[in-house]
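Hi everyone, thanks for making time this morning. I'd like to walk you through one structure, so please have a look at the screen.

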Amino acid sequence: MKRLNRIQSMVFETAYNTNENLLICAPTGAGKTNIAMLTVLHEIRQHLQPGGVIKKDEFKIVYVAPMKALAAEMTNYFGKRLEPLGITVKELTGDMQLSKGEILRTQMLVTTPEKWDVVTRKSVGDVALSQIVRLLILDEVHLLHEDRGPVLESLVARTIRQVESTQSMIRILGLSATLPNYLDVAAFLHVNPYIGLFFFDSRFRPVPLAQTFVGIKTTNKIQQLHDMEEVCYNKVVEQVKAGHQVMVFVHARNATVRTAMGLIEMAKNHGETCFFQPEQGADYGQCEKQIQRSRNKQMKEMFPEGFGIHHAGMLRSDRNLMETMFSRGHLKVLVCTATLAWGVNLPAHAVIIKGTQIYDAKRGALVDLGILDVMQIFGRAGRPQFDKYGEGTIITTHEKLSHYLTLLTQKNPIESQFLNSLADNLNAEVSLGTVTNVDEAVKWLSYTYLYVRMRANPLAYGINHRTFQMDPSLELYRKELVMEAGRKLDKARMIRFEERTGYFAATDLGRTASHFYIRYNTIETFNEHFNSQRTEADILSIVSKAEEFDQLKVRAQLPNKHGCLDLN
């Protein structure tokens, strides 16, 4: 990289020469990662000694990425660039465990919200780690709207309270896609709106985006699927004939193979396979050898046709192989799931979202694809160095068409999901010792995004106009919430709550739940079913009732010849 782009140049002064908290809202692909890099360099520069020696044990930088795939990519990105300075960057996620010594020797940690939440929840030993954090970078802050939003809220609340109680300096940098209520998010991150808030709309996209919305009219389900396949094929062929590469996004892992095979079949029927087949260039043979070494049968079958698949259930080596082949141009069409859009920076000229129904394990039903996912996927359209513009197509049913049109053009404000997991987060704070009574808990709630949104939009959180007028700081309402959560936790024996005095005391059960990230509902289930007469089989059955295993589905298969269920 030779020079900064427009966005980076505007932010440079604040990012690199001040200690201000920042919130940067900009479209995907606008170069937000390099802004994070500027703040990292600013932090390192503060620990430089005369003679150019960096005092590496004085600071830690934490980069919170929403997904493991993204964490791996960021570790790679920062690791390569910071290596010449002798700065170590490590990934700390469910996949990559680090020992105490490794953490001590690392200056920058790339982690997921849940993992960092667990680390900061443990008061013994790891406190030293969270005390020397000097810069906290939160990527994709607009995830506050999703189910995992509460984790981000508790992280920020914990960090800001730590800053205020210990008077230590922790800088917070929030990176997000364009959001309508950026002022609320800025207030939540304690960003000074006049200095540290930067908002860039879609005009700042590196490559302009042409958006197409296709609605399928028929109501017959089978006909619908057939029509979707056909529209999808026509769009793909149109792009491939023009010499472009296409990504087709589907919403289930097995649908990637089905769709790719369906497209190959249609190409054969139309006699158009020649458009998809890769050019037999110099390194093609080499690539084919690599593909043949893989154990993924479908991948091997599709490669000569110019098609590829990519989803989280594949081996990491296979996924990397597909990414490489696509970026080198050997694959004309890559059929993938939405994890690719979040995790890997792999743009294509055209992206197609085929169908907008996605299975939600928690509800056990199909729900509409979230607008943030759509924005993220569309963000992959158009390759900055090659294309004049990118093309995004969304194929959905006719009745959903207006829904996505309004969402993508009018931009709804993002709300907080914190109420759903208030009990869990309160328990974590009590067992950490940062909240010991009701008043402290009420104060703690004022640091959350929930509090910011409750005051801006009280009706959405069940607060009527009258209550809000009489109690504009919502102190009484927050107290009510805390009392209710306290009673629930006390009943589940996770804390001891003395209502008369308003004091909270942690119990061993609560501490265990907090350290091992066990949810309140699960503990309630355990309390209900456990007793001293249980056999091992009973205990196994109780453990499997835990909320954490909700999304695991057992395949309905017939018993095998021994009369046992075959579960592989």
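Let me start with strand β17, residues 390–397, which is mostly covered: eight of its eight residues are buried. Buried here means under 20% relative accessible area, with exposed over 50% and partly exposed in between, using a 1.4 Å probe and protein chains only. Strands are DSSP runs of E with at least two residues, helices are runs of H or I with at least four, and both are numbered from the N terminus.

A quick word on the source: this is a predicted model, where local features need pLDDT of at least 70 and side-chain atom pairs count only at pLDDT 80 or more, while totals for chains, interfaces and linings use all residues. Residues are numbered from 1 along each chain as its sequence is written, and side-chain values use heavy atoms, leaving out hydrogens and water.

Which strands pair with β17? Strand β10, residues 209–216, runs parallel to β17 and is joined to it by eight bridges; pairing requires DSSP to find at least two bridges between two strands. Within that pair, Thr212 stands opposite Thr393. Strand β14, residues 350–354, is also parallel to β17, with five bridges, and there Ile353 has Ile394 as its bridge partner.

Now to another part of the fold. Seven strands make an open sheet with parallel pairing, in the order β5-β6-β4-β7-β8-β1-β9. At its edges are β5 (89–92) and β9 (197–199), each pairing on one side only. From one strand to the next, the twist averages 15°; angles run from 0 to 180 degrees between N-to-C directions, and axes are lines fitted to C-alpha atoms, for helices over the stretch in contact. Helix α5, residues 113–121, packs on this sheet, touching β4, β5, β6 and β7 (133–138), and its direction makes about 120° with that of β6. Contact means heavy atoms within 4.5 Å. Strands β4 (residues 60–64) and β6 (residues 108–111) pair over four bridges, with Ile61 opposite Met108.

For those of you who think about cysteines: how many disulfides are there? The count comes to zero, taking a disulfide as a pair of cysteine sulfur atoms within 2.5 Å. Cys336 is in no disulfide, and its nearest cysteine sulfur, that of Cys232, is 11 Å away. Cys336 is buried, with a relative accessible area of 0%, and Cys25 is buried as well, also at 0%.

That's my tour, and I'm happy to take questions.
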